[in-house]
Amino acid sequence: MTRTVHFLTGIRSEYDILAPVIAAVNEQSGLEAGVIVTGGHLSTRMGNSVSQIEADGFRIAARIDSLLASDGLSGRVKGAALQLAGMTDLFAQERPDFLVVMGDREESMTGAVAGLYHHIPVVHIGGGDHAEDGNVDNPIRHAVSKLANLHMATTPLSGARLRALGEEDWRINVVGASGLDRLVSTPHMDRAAVNEALELDWGDAPYVVFLYHPTITDFEGARAHMKVISGVLENSGLNVVALMPNTDPGNDAVVAELTALSARSDKVRLFTFLERQVFVNMLRHAHAMVGNSSSGILEAPTLGLPTVNIGKRQRGREHANNVIFTDYDPQEITDALSRATTDAAFRAEVAKCETPYGDGTASKRIAEVLARTELNAELMHKRFIMKTEN
């Protein structure tokens, strides 16, 4: 009998990490995938990235509109309520054997809650990860782990944290980061093809990729922070491929500053959404990455890509030696950017750095776990394992 596996996704970056897992599930005997699409995927302002899911040929089980036109703290909470309502209606009609959620956004929490109350086994990808940045993502991620029935951890350290949370060993699978799978599987494009796809006229001149997201803990400072970063990028003389931020509070300010920067500098090209093959190959040919995206932590090491991580986001997260962390001081960012792009010794070290996030085969491992896991009362009965110190 075929098992149905629904994947919940609300933003483009999340989907790109889930896409190879969805494909692996469809390729695994006895499994069939469906995608619950919500959040920014259904927003024209955010690039209507549901089109990528459609282009990939995956079955869309439901579309749940939940993204409000809000740049404040209440928007995500009200959006979460819409997600819960939508999944409640969906599960009354189509109840999957597994519900897969990823990471630490509101859709991972709403999916875990909806799955729990509908007695659907919840599979959490990325549990046990942690950063010391004070962002809401961390408690959300750990809360989802306590609601989940199966864990797909990216590193042994994350697996250890899950055990420290009281999770049973047999529920924890250390599989690596599925974001690396797309780096391995995506066909290569040469620099000329990337230039053509992005309509760049830079030839072989180096460029950096900029991807920066506001955080709830300091979203009121988003405009001031982006003004500082924009000034450094503009004064650096570097070519910059910039991507729009996620939908978190502070988004409007970041978008406004990026739009102004790209308007006044012909060295900055701004994109709302890029098709996966173009995005991956853009990273492959980049000289460095700048901002605070998890891509700089998870995927950049595999590409040997130096990363300048600005601000609190990602601080204290498990990472390779490709990352330079900075505050919002202009000179500090300038120095870090210079080191990332011109320091030959540092770049040579990064080119051969080792990542803690696996070898690019996480998706196959996840699919195999889902195929062999027994759907029984033991899976649904969450026990807390008390850890005692010796």
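Visitor: Which residue of S12 is the bridge partner of Val-290?

Guide: Good place to start! In this predicted model, Val-290 has Val-308 in S12 as its bridge partner.

Visitor: How do you know that S11 and S12 count as paired strands?

Guide: Two strands pair if there are at least two bridges between them. S11 and S12 (residues 307–310) are joined by 3 bridges, so they meet that cut-off, and they run parallel. Strand S8 (residues 207–211) also pairs with S11 in the parallel sense, over 4 bridges, and there Val-209 stands opposite Met-289.

Visitor: Which way do the residues of S11 point, and are they buried or exposed?

Guide: Ala-288 and Val-290 point one way, while Met-289 and Gly-291 point the other way. All four are buried, and buried means under 20% relative accessible area.

Visitor: What makes S3 and S7 edge strands?

Guide: Let's look at the open sheet of 7 strands, which has the order S3-S2-S1-S4-S5-S6-S7 with parallel pairing. S3 (60–64) and S7 (172–174) each have a single partner strand, so one side of each is left without a neighbour in the sheet. Neighbouring strands here are turned by 20° against each other on average, direction ignored.

Visitor: Why are the buried residues of H15 said to lie on the same side?

Guide: The buried residues of H15 (residues 362–372) are Ala-362, Ser-363, Ile-366, Ala-367, Val-369 and Leu-370. They cover an arc of only 160° around the axis, which puts them on the same side of H15. On the other side, Lys-364 and Arg-372 are exposed, and exposed means over 50% relative accessible area.

Conventions: Residues numbered from 1 in each chain as written. Predicted model: local features only at pLDDT ≥ 70, side-chain atom pairs only at ≥ 80, totals over all residues. Heavy atoms only, no water. Buried < 20%, exposed > 50% of the residue type's maximum accessible area, 1.4 Å probe, protein only. Helix = DSSP H or I, 4+ residues; strand = E, 2+ residues; numbered from the N terminus. Arc of directions from axis to C-beta. Axes fitted to C-alpha atoms, helices over the stretch in contact; angles between N-to-C directions.
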